[in-house]
Amino acid sequence: MLKELVDKSSEIDQAILMRFPPFLVDQIKSLPHDNLNIKVRPTNDIDMRFFRVQINENEYPATLVDLPTIIEAHKTLDYKTIFKSVDVGQMLLVHQLPPGISIEDFDPFVHDSSFASMVVDATGAGRFKLKSGITPAAHNVTLSRHKQKFSEEPDDVEQVELSLKQIIDTGFSDNVEEELLVFDTRTGELLDEENAGQYVEESMDVDNEEEDDEEEASK
(Lines give C-alpha, C1' and ligand atoms only; values in the text may rest on other atoms or scores of the structure.)
Protein backbone atom coordinates (compact mmCIF):
# COMPACT_ATOMS: atom_id res chain seq x y z
CA MET A 1 0.00 0.00 0.00
CA LEU A 2 2.81 2.43 0.91
CA LYS A 3 4.65 1.69 -2.34
CA GLU A 4 1.49 2.46 -4.34
CA LEU A 5 1.10 5.79 -2.56
CA VAL A 6 4.75 6.68 -3.18
CA ASP A 7 4.42 5.80 -6.87
CA LYS A 8 1.26 7.89 -7.21
CA SER A 9 2.77 10.83 -5.35
CA SER A 10 5.86 10.79 -7.58
CA GLU A 11 3.63 10.89 -10.65
CA ILE A 12 1.79 13.90 -9.25
CA ASP A 13 4.91 15.77 -8.12
CA GLN A 14 6.78 15.63 -11.43
CA ALA A 15 5.77 16.76 -14.90
CA ILE A 16 7.17 18.03 -18.18
CA LEU A 17 6.33 20.94 -20.44
CA MET A 18 5.45 20.65 -24.10
CA ARG A 19 6.44 23.39 -26.55
CA PHE A 20 4.93 23.41 -30.01
CA PRO A 21 6.08 25.36 -33.07
CA PRO A 22 3.97 28.45 -33.89
CA PHE A 23 2.04 26.85 -36.73
CA LEU A 24 0.92 24.02 -34.42
CA VAL A 25 -0.03 26.40 -31.63
CA ASP A 26 -2.60 28.09 -33.85
CA GLN A 27 -4.01 24.73 -34.91
CA ILE A 28 -4.28 23.44 -31.34
CA LYS A 29 -5.97 26.62 -30.13
CA SER A 30 -8.53 26.42 -32.93
CA LEU A 31 -9.52 22.84 -32.07
CA PRO A 32 -12.18 22.11 -29.44
CA HIS A 33 -10.80 20.34 -26.39
CA ASP A 34 -13.15 17.44 -27.00
CA ASN A 35 -11.61 16.86 -30.43
CA LEU A 36 -7.99 17.26 -29.34
CA ASN A 37 -6.15 13.97 -29.05
CA ILE A 38 -2.40 14.12 -28.23
CA LYS A 39 -0.31 10.98 -27.86
CA VAL A 40 3.42 10.76 -27.03
CA ARG A 41 5.66 7.73 -27.44
CA PRO A 42 9.43 7.25 -27.81
CA THR A 43 10.97 6.84 -31.23
CA ASN A 44 13.16 3.98 -29.93
CA ASP A 45 13.92 2.31 -26.64
CA ILE A 46 17.67 3.00 -26.74
CA ASP A 47 17.79 6.79 -26.48
CA MET A 48 14.87 8.23 -24.51
CA ARG A 49 15.52 11.72 -25.83
CA PHE A 50 13.63 11.40 -29.09
CA PHE A 51 9.85 11.04 -29.28
CA ARG A 52 7.01 11.15 -31.75
CA VAL A 53 4.01 13.31 -30.89
CA GLN A 54 0.69 12.51 -32.52
CA ILE A 55 -1.89 15.29 -32.71
CA ASN A 56 -5.08 13.76 -34.02
CA GLU A 57 -3.97 12.19 -37.31
CA ASN A 58 -0.60 13.96 -37.74
CA GLU A 59 2.76 12.98 -36.22
CA TYR A 60 5.73 15.23 -35.41
CA PRO A 61 9.23 14.59 -34.04
CA ALA A 62 10.04 15.83 -30.54
CA THR A 63 13.14 16.07 -28.36
CA LEU A 64 13.23 15.81 -24.58
CA VAL A 65 15.47 18.58 -23.20
CA ASP A 66 16.48 19.60 -19.67
CA LEU A 67 15.51 23.00 -18.33
CA PRO A 68 18.34 25.07 -16.82
CA THR A 69 16.53 25.12 -13.46
CA ILE A 70 13.65 23.27 -11.85
CA ILE A 71 10.33 25.11 -12.09
CA GLU A 72 7.85 24.93 -9.21
CA ALA A 73 4.24 25.13 -10.33
CA HIS A 74 1.56 26.23 -7.87
CA LYS A 75 -2.21 26.12 -7.84
CA THR A 76 -5.06 27.44 -5.78
CA LEU A 77 -8.65 26.43 -5.08
CA ASP A 78 -9.92 29.68 -3.58
CA TYR A 79 -7.58 32.28 -5.17
CA LYS A 80 -6.23 33.02 -1.70
CA THR A 81 -4.19 30.03 -0.62
CA ILE A 82 -1.46 28.92 -3.05
CA PHE A 83 0.38 25.65 -2.65
CA LYS A 84 3.02 23.85 -4.65
CA SER A 85 1.63 21.17 -6.92
CA VAL A 86 4.40 19.98 -9.23
CA ASP A 87 8.11 20.17 -10.14
CA VAL A 88 9.02 20.68 -13.79
CA GLY A 89 12.58 19.92 -14.87
CA GLN A 90 12.22 18.90 -18.53
CA MET A 91 10.48 20.03 -21.69
CA LEU A 92 9.34 18.11 -24.75
CA LEU A 93 10.23 20.28 -27.72
CA VAL A 94 8.10 19.50 -30.79
CA HIS A 95 9.72 20.16 -34.18
CA GLN A 96 8.41 20.75 -37.67
CA LEU A 97 9.19 17.73 -39.83
CA PRO A 98 11.07 18.69 -43.02
CA PRO A 99 9.82 17.21 -46.33
CA GLY A 100 11.38 13.87 -47.24
CA ILE A 101 12.59 13.09 -43.67
CA SER A 102 11.01 10.39 -41.55
CA ILE A 103 10.54 10.77 -37.82
CA GLU A 104 12.99 7.90 -37.19
CA ASP A 105 15.70 9.69 -39.21
CA PHE A 106 15.02 13.14 -37.78
CA ASP A 107 18.02 14.73 -36.01
CA PRO A 108 17.30 18.07 -34.27
CA PHE A 109 20.93 19.18 -34.65
CA VAL A 110 20.75 18.66 -38.42
CA HIS A 111 17.14 19.27 -39.42
CA ASP A 112 16.23 22.08 -36.97
CA SER A 113 18.42 25.13 -37.55
CA SER A 114 17.49 26.79 -34.24
CA PHE A 115 17.96 23.80 -31.93
CA ALA A 116 21.78 23.93 -31.69
CA SER A 117 21.68 27.57 -30.55
CA MET A 118 19.17 26.74 -27.80
CA VAL A 119 21.33 24.21 -25.92
CA VAL A 120 24.41 24.77 -23.77
CA ASP A 121 26.84 22.67 -25.83
CA ALA A 122 25.74 21.10 -29.10
CA THR A 123 28.68 18.66 -29.13
CA GLY A 124 29.32 17.94 -25.45
CA ALA A 125 27.57 16.91 -22.26
CA GLY A 126 25.17 19.87 -22.43
CA ARG A 127 23.73 18.98 -25.82
CA PHE A 128 20.26 18.43 -24.33
CA LYS A 129 20.29 21.21 -21.71
CA LEU A 130 18.68 24.52 -22.60
CA LYS A 131 20.59 27.77 -22.11
CA SER A 132 17.44 29.77 -21.37
CA GLY A 133 14.40 29.27 -19.17
CA ILE A 134 10.78 29.75 -20.21
CA THR A 135 10.52 33.45 -19.26
CA PRO A 136 12.34 36.50 -20.70
CA ALA A 137 14.07 37.06 -17.36
CA ALA A 138 15.69 33.61 -17.65
CA HIS A 139 17.23 34.27 -21.08
CA ASN A 140 20.75 32.78 -21.18
CA VAL A 141 20.45 32.07 -17.46
CA THR A 142 23.17 29.39 -17.60
CA LEU A 143 25.68 31.98 -18.80
CA SER A 144 24.70 35.02 -16.73
CA ARG A 145 23.56 33.61 -13.39
CA HIS A 146 25.74 30.61 -12.77
CA LYS A 147 29.11 30.78 -11.04
CA GLN A 148 31.86 31.90 -13.37
CA LYS A 149 35.00 29.87 -13.91
CA PHE A 150 37.79 30.63 -11.42
CA SER A 151 40.43 32.69 -13.25
CA GLU A 152 43.00 33.55 -10.57
CA GLU A 153 46.46 32.00 -10.63
CA PRO A 154 46.90 29.27 -7.96
CA ASP A 155 50.32 30.68 -6.95
CA ASP A 156 48.81 34.12 -6.29
CA VAL A 157 46.02 32.59 -4.21
CA GLU A 158 48.51 30.58 -2.17
CA GLN A 159 50.60 33.71 -1.52
CA VAL A 160 47.56 35.61 -0.27
CA GLU A 161 46.63 32.69 1.99
CA LEU A 162 50.14 32.65 3.48
CA SER A 163 50.03 36.41 4.08
CA LEU A 164 46.67 36.14 5.83
CA LYS A 165 47.93 33.24 7.94
CA GLN A 166 50.93 35.28 9.05
CA ILE A 167 48.66 38.15 10.06
CA ILE A 168 46.36 35.80 12.00
CA ASP A 169 49.26 34.00 13.71
CA THR A 170 50.66 37.34 14.92
CA GLY A 171 47.72 37.67 17.26
CA PHE A 172 46.57 40.80 19.08
CA SER A 173 48.52 44.04 19.52
CA ASP A 174 49.76 42.88 22.96
CA ASN A 175 52.07 40.48 21.18
CA VAL A 176 53.45 43.09 18.79
CA GLU A 177 56.61 45.10 19.46
CA GLU A 178 56.21 48.76 18.55
CA GLU A 179 59.04 51.00 17.38
CA LEU A 180 58.82 54.78 17.02
CA LEU A 181 60.56 56.15 13.96
CA VAL A 182 61.32 59.87 13.73
CA PHE A 183 62.15 61.57 10.43
CA ASP A 184 63.65 65.01 9.99
CA THR A 185 61.00 67.04 8.19
CA ARG A 186 63.65 69.25 6.60
CA THR A 187 65.85 66.52 5.11
CA GLY A 188 63.56 63.45 5.27
CA GLU A 189 66.31 61.40 6.94
CA LEU A 190 65.62 58.76 9.58
CA LEU A 191 67.07 59.92 12.93
CA ASP A 192 68.73 57.62 15.42
CA GLU A 193 67.49 57.37 19.00
CA GLU A 194 69.71 60.14 20.42
CA ASN A 195 69.10 62.64 17.65
CA ALA A 196 65.42 61.73 17.54
CA GLY A 197 64.93 62.77 21.17
CA GLN A 198 66.72 66.05 20.61
CA TYR A 199 64.75 66.70 17.41
CA VAL A 200 61.43 66.08 19.18
CA GLU A 201 62.39 68.49 22.02
CA GLU A 202 63.41 71.19 19.52
CA SER A 203 60.16 70.70 17.62
CA MET A 204 58.15 71.03 20.82
CA ASP A 205 60.02 74.24 21.74
CA VAL A 206 59.31 75.69 18.31
CA ASP A 207 55.64 74.80 18.63
CA ASN A 208 55.45 76.43 22.06
CA GLU A 209 57.11 79.61 20.77
CA GLU A 210 54.64 79.77 17.88
CA GLU A 211 51.73 79.39 20.29
CA ASP A 212 53.10 82.21 22.50
CA ASP A 213 53.48 84.48 19.48
CA GLU A 214 49.91 83.76 18.41
CA GLU A 215 48.61 84.60 21.92
CA GLU A 216 50.53 87.90 22.03
CA ALA A 217 49.28 88.81 18.57
CA SER A 218 45.69 88.19 19.63
CA LYS A 219 45.92 90.51 22.65
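What percentage of the 219 residues of the chain count as buried? The share is 22%. This is a predicted model, and that should be kept in mind throughout.

Start with the overall layout. The chain has seven helices and five strands. From the N terminus on, the elements run α-β-α-β-β-β-β-α-α-α-α-α.

Take strand β3 as the entry point. Strand β3 spans residues 50-55. How many of its six residues are buried? Six of the six are, so the strand is mostly covered, given that buried means under 20% relative accessible area. In a regular strand the side chains alternate between the two faces of the sheet. The side chains of β3 can be sorted in this way. Phe50, Arg52 and Gln54 point one way. Phe51, Val53 and Ile55 point the other way. Both sets are buried.

Strand β3 has partners. Strand β2, residues 38-42, pairs with β3 in the antiparallel sense. Five bridges join β2 and β3. Look for Phe50, whose bridge partner in β4 is Thr63.

Now follow the chain from β3 into β4. The two strands form a hairpin with two residues between them. Asn56 lies in this loop. Asn56 is partly exposed, with a relative accessible area of 24%.

Another asparagine is worth a stop. Asn140 lies in the loop between α4 (115-118) and α5 (141-144). Its phi is near 55°, again a positive value in a residue other than glycine. Asn140 has 25% relative accessibility, so it counts as partly exposed.

Next come the charged pairs. Side chains of opposite charge can pair when their charged atoms come close. How many salt bridges does a search of the whole structure find? The search finds six. One of them joins Asp66 and Arg49, with the closest N and O atoms 3.0 Å apart. Asp66 lies in strand β4 and Arg49 in the loop between β2 and β3, so the pair ties together parts that are 17 residues apart in sequence. Asp66 is partly exposed, at 22% relative accessible area.

Is Arg52 buried or exposed? Its relative accessibility is 11%, so Arg52 counts as buried. Glu59, in contrast, is partly exposed, with a relative accessible area of 27%. The pair belongs to a wider group. Arg41, Arg52, Glu59 and Glu104 are linked in a network of salt bridges.

A further pair is Asp87 and Lys84. Their side chains meet in a salt bridge at 3.0 Å, N to O. Asp87 has 24% relative accessibility and counts as partly exposed. Lys84 has 42% and also counts as partly exposed.

Which residues form a negative surface patch? They are Glu152, Glu153, Asp155, Asp156, Glu158 and Glu161. Glu161 sits in helix α6, residues 154-170.

There is a nonpolar patch on the surface too. Val160, Leu164, Ile167 and Ile168 form this patch. Together they have about 420 Å² of accessible area. Ile168 lies in helix α6. Exposed means over 50% relative accessible area. Ile168 has 66% relative accessibility, so it counts as exposed.

Arg52, on β3, takes part in a salt-bridge network. Helix α6 holds Glu161 of the negative patch and Ile168 of the nonpolar patch.

Terms used:
Residues numbered from 1 in each chain as written. Predicted model: local features only at pLDDT ≥ 70, side-chain atom pairs only at ≥ 80, totals over all residues. Heavy atoms only, no water. Patch = residues over 30% accessible without salt bridge, like charges linked within 9 Å, V, L, I, M, F, W, Y side chains within 5 Å. Areas by Shrake-Rupley, 256 points an atom, 1.4 Å probe, with all protein chains shown as cover. Salt bridge = Lys/Arg side-chain N within 4 Å of Asp/Glu carboxyl O. Lys, Arg positive; Asp, Glu negative; His and termini not counted. Charge placed at Lys NZ, Arg CZ, Asp CG, Glu CD. Helix = DSSP H or I, 4+ residues; strand = E, 2+ residues; numbered from the N terminus. Buried < 20%, exposed > 50% of the residue type's maximum accessible area, 1.4 Å probe, protein only. Pairing = 2+ DSSP bridges.
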